[in-house]
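Please take a look at the chain shown here. What can be read from its helices, side chains and surface?

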Amino acid sequence: INNNDDVVDDDGGGDEVRKNDIHHRLLEYYKSSPESLLKIMVALEFGVLEEERRSPCYAGLTSCGLFFLGSLPSVVPFA
């Protein structure tokens, strides 16, 4: 939790008391809620939210199709 001290950044000359209060409340909240801490860490680290889960089949088929289309310009002259 202490590694996330930079999550609440100063917005350029803001009120230090307010910043410290928000920081303290966030710190206490995430200390008492490990599941929320995990979710925020995943969102911050990977940019992935549970609501945005993608289908692996769709991702694989899209990747395959785009690879095939990208290879066409170098293969078509020899066909």
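This report goes from the whole chain to single residues.

## The chain as a whole

The model is predicted. The chain holds three helices and zero strands. Along the sequence the pattern reads α-α-α.

Of the 79 residues, 8% count as buried. The accessible surface of the chain is about 6900 Å². Carbon and sulfur atoms account for 61% of that surface.

Helix 1 covers residues 16-32. Here the side chains of R25 and D21 meet in a salt bridge, at 3.7 Å from N to O. The two residues are four apart in the helix, so about one helical turn separates them. An α-helix has 3.6 residues a turn, so residues three or four places apart point the same way.

How exposed are the partners? R25 counts as exposed, at 54% relative accessibility. D21 counts as partly exposed, at 39%.

Helix 2 runs over residues 34-46. The side chains of K39 and E35 form a salt bridge there, at 3.7 Å from N to O. These residues lie four apart, about one turn of the helix. E35 is exposed, with 55% relative accessibility. K39 is partly exposed, with a relative accessible area of 43%. The count of salt bridges comes to two.

S36 also sits in helix 2. Is S36 buried or exposed? Its relative accessible area is 19%, and the cut-off for buried is under 20%, so S36 is buried. Leaving out residues up to four places away in sequence, S36 touches Y29 and Y30.

## The aromatic pair

The count of aromatic pairs comes to one. Y29 and Y30 form this pair, and its geometry is edge-to-face. The centres are 5.1 Å apart, with 70° between the planes. Y29 is partly exposed, with a relative accessible area of 43%.

Helix 3 spans residues 56-75.

L69 is found in helix 3. At 53% relative accessibility, over the 50% cut-off, L69 counts as exposed. Together, L66, F68 and L69 make a nonpolar surface patch of about 340 Å².

Definitions and conventions. Residues numbered from 1 in each chain as written. Predicted model: local features only at pLDDT ≥ 70, side-chain atom pairs only at ≥ 80, totals over all residues. Heavy atoms only, no water. Buried < 20%, exposed > 50% of the residue type's maximum accessible area, 1.4 Å probe, protein only. Contact = heavy atoms within 4.5 Å. Areas by Shrake-Rupley, 256 points an atom, 1.4 Å probe, with all protein chains shown as cover. Expected span 1.5 Å × (residues − 1). Patch = residues over 30% accessible without salt bridge, like charges linked within 9 Å, V, L, I, M, F, W, Y side chains within 5 Å. Salt bridge = Lys/Arg side-chain N within 4 Å of Asp/Glu carboxyl O. Phe/Tyr/Trp six-rings, centres within 6.5 Å; stacked < 30°, edge-to-face > 60°.
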